[in-house]
Amino acid sequence: MAQQIHIVEDDVAFGKMLTSFLERKGFNVTVSLSGEKARKTISESNFDLLITDLKLPDDSGLDLLEFSQKISPNTKVILMTGYAEVDTAVKAIKKGALDYISKPFRPEELLMIIEADSQTMESAEEHITEIVESKQPASQPSSEKSKFVIGISEASKKFNEYLKLVGPTDMCVLIQGESGTGKEVAAKAIHNYSSRKDKNFVAVDCGAIPKEIAASEFFGHVKGSFTGAVNDKKGHFEAADGGTLFLDEVGNLSYENQIQLLRALQERRIKPVGSNTEIDVDVRILSATNEDLLKAVSEGKFREDLYHRLNEFSIHIPSLHERKEDLFLFIEYFLNEANKSLGKEVIGLSKEVEEAFKNYAWPGNLRELKNVIKRSVLLANSQLIPLEVIPREVLFSANTKKETVDFSKESNEKQLILNALKEADFNKTKAAKLLNITRKTLYNKLEHYQIEL
């Protein structure tokens, strides 16, 4: 059955273009031109995916994201943003958005995000089927999936030492770090270092579970225990029995759900919703957050006793900005991943792109880097990723970190020419004005530096 997609975009022409493209790819697509119409449509119909502009005349993409999560929790959301809105887009990821994509973009880039999520869902469904049917003993995902970059920076070395140190224990570990730093990858590494490595590793996004069904998700339910409970269901605790349960964004749990979780951790027993029978479970708990849980405790938003239960050992994942020495190790890793996924043979970055990457702060950390690399590989038509395919926020944010650029100075002339061309959207006349030279002089310099447009 074709996926149902709803697009919220006030630009009529752009919305029609996306609709036509996605329909040719086999999706069923509807469009709303305003937030008001979108809310009405979302309330009346079920969609697999909501694609919304971040800024609408009468609404906000972030508000629509929250509205969709309440009305239709299973609907995935992709935010379309302007290049200057990357910080807001990162907030959207924290709130549960599937991804964000910066305008202007090619429809193929959007399709890549949708298809990547579909592949992830198919893999998850296959894994769940194996657990429910018990056709074979549960096993750790393949080594291909559990690989991670060790890193050479001092911050990475200390971080990896902690993973190896706490891995063989049964301690509850609280993993802290910015969004996109790879907290689930770290949790899997801890699991792999433990004696539970041959048992299940179950990851749960606490921020994506509505509080009304959290008990069912964690502890399961029996048939007929509430409206919609047409079959018995195993909860995450039972699915992870003998192995590891990873609670991502644990700070998003409601106070009531925190009490239920605390009881399960203390007694190591759970009771499915609607059942009178308790089940013993042997589960190691790893949790993660990008919030300040101690502050949440002091404000009464997070239980202090649960915090201490989860935080028998804490690990801070360094941001990408804190381990700049590792940047190109991650680039190489994600480049290989992208080539394999897209069937391409891009071997690296051009020197100009390398410089832009080094100067960029990477607020979205590894998740952002991975996305930028994959999209750049998709768009690249040469062995080296050129400057033209790099998202505007990466280039412009890199430039704003430098002193005000004087386009007439002679040092680093080639880079200045490339920057001017990029800022002028590759209009040579405008670029020449930015550089304070004539158009003829610009052509001579393009030929001298072998810059092809």
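Student: At what angle do the axes of helix α19 and helix α20 cross, and within how many Å do they come?
Tutor: This is a predicted model, so keep that in mind. In it, the axes of α19 (residues 428-435) and α20 (residues 439-448) cross at roughly 95° and come within 9 Å.

Student: What does that make α19 relative to α20?
Tutor: Roughly perpendicular. Angles of 65 to 115 degrees count that way.

Student: Which residues make the contact?
Tutor: From α19, Lys 428, Thr 429, Ala 431, Ala 432 and Leu 435. From α20, Arg 439, Leu 442, Tyr 443 and Leu 446.

Student: How do the residues of that contact divide into nonpolar, polar and charged?
Tutor: The contact of α19 with α20 has 6 nonpolar, 1 polar and 2 charged residues.

Student: Let's pick Ala 432. Is it buried or exposed?
Tutor: Ala 432, which lies in helix α19, is buried, because its relative accessibility is 3% and the cut-off for buried is under 20%.

Student: What does Ala 432 touch, leaving out residues up to four places away in sequence?
Tutor: Ile 437, Thr 438, Arg 439 and Leu 442.

Student: And how many Å separate the C-alpha atoms of Ala 432 and Ile 417?
Tutor: 8.6 Å. Along the chain, Ala 432 and Ile 417 are 15 residues apart.

Student: New topic. How many helices and strands are there in the protein?
Tutor: It has 20 helices and 14 strands.

Student: What share of the residues count as buried?
Tutor: 47% of the 453 residues.

Student: What about contacts between residues at least 6 apart in sequence: what share join residues at least 24 apart?
Tutor: 71% of those contacts.

Student: Back to helices. Which residues of α8 are buried?
Tutor: Helix α8 covers residues 183-193. Its buried residues are Lys 183, Ala 186, Ala 187, Ala 189, Ile 190 and His 191.

Student: How do the axes of α7 and α8 cross?
Tutor: At roughly 40°, and they come within 8 Å. The two helices are therefore oblique to each other. The crossing of α7 past α8 is right-handed.

Student: Which residues make that contact?
Tutor: On α7, Phe 159, Leu 163, Lys 164 and Val 166. On α8, Ala 186, Ala 189, Ile 190 and Tyr 193. By class, that contact of α7 with α8 has 7 nonpolar residues, no polar ones and 1 charged.

Student: How about α14 and α15? What is their angle?
Tutor: About 120°, with the axes 11 Å apart. Helix α14 is residues 327-342 and helix α15 is residues 351-359. These two are therefore oblique to each other. α14 passes α15 in a right-handed crossing.

Student: Which residues meet there?
Tutor: Leu 327, Phe 328 and Ile 331 of α14 meet Glu 354, Phe 357 and Lys 358 of α15. The classes in the contact of α14 with α15 are 4 nonpolar, no polar and 2 charged.

Student: Now the loops. Where is Trp 362?
Tutor: Trp 362 sits in the loop between α15 and α16 (365-379). Its phi is near 55°, a positive value in a residue other than glycine.

Student: Is Trp 362 buried or exposed?
Tutor: Buried, with a relative accessible area of 3%.

Student: What about Glu 249: what is its phi?
Tutor: Near 50°, also positive. Glu 249 is in the loop between β8 and α11 (255-267). Glu 249 is buried, with a relative accessible area of 11%.

Student: Last one. Where is Asn 290?
Tutor: In the loop between β11 and α12 (293-298). Asn 290 is partly exposed, at a relative accessible area of 24%.

Student: How many Å separate the C-alpha atoms of Asn 290 and Lys 183?
Tutor: 9.3 Å, and they are 107 residues apart along the chain. Lys 183 is one of the buried residues of α8.

How values were computed
Residues are numbered from 1 along each chain as its sequence is written. This is a predicted model: local features need pLDDT of at least 70, side-chain atom pairs count only at pLDDT 80 or more; totals for chains, interfaces and linings use all residues. Side-chain values use heavy atoms; hydrogens and water are left out. Axes are lines fitted to C-alpha atoms, for helices over the stretch in contact, and angles run from 0 to 180 degrees between N-to-C directions. Helices (H or I, at least four residues) and strands (E, at least two) are DSSP runs, numbered from the N terminus. Angles under 35 degrees count as roughly parallel, over 145 as roughly antiparallel, 65 to 115 as roughly perpendicular and the rest as oblique. A crossing is left-handed if the near helix is turned anticlockwise from the far one by less than a right angle, and right-handed if clockwise. Contact means heavy atoms within 4.5 Å. Ala, Val, Leu, Ile, Met, Phe, Trp, Tyr, Cys and Pro count as nonpolar, Asp, Glu, Lys and Arg as charged, and the others, Gly among them, as polar. Buried means under 20% relative accessible area, exposed over 50%, partly exposed in between (1.4 Å probe, protein chains only).
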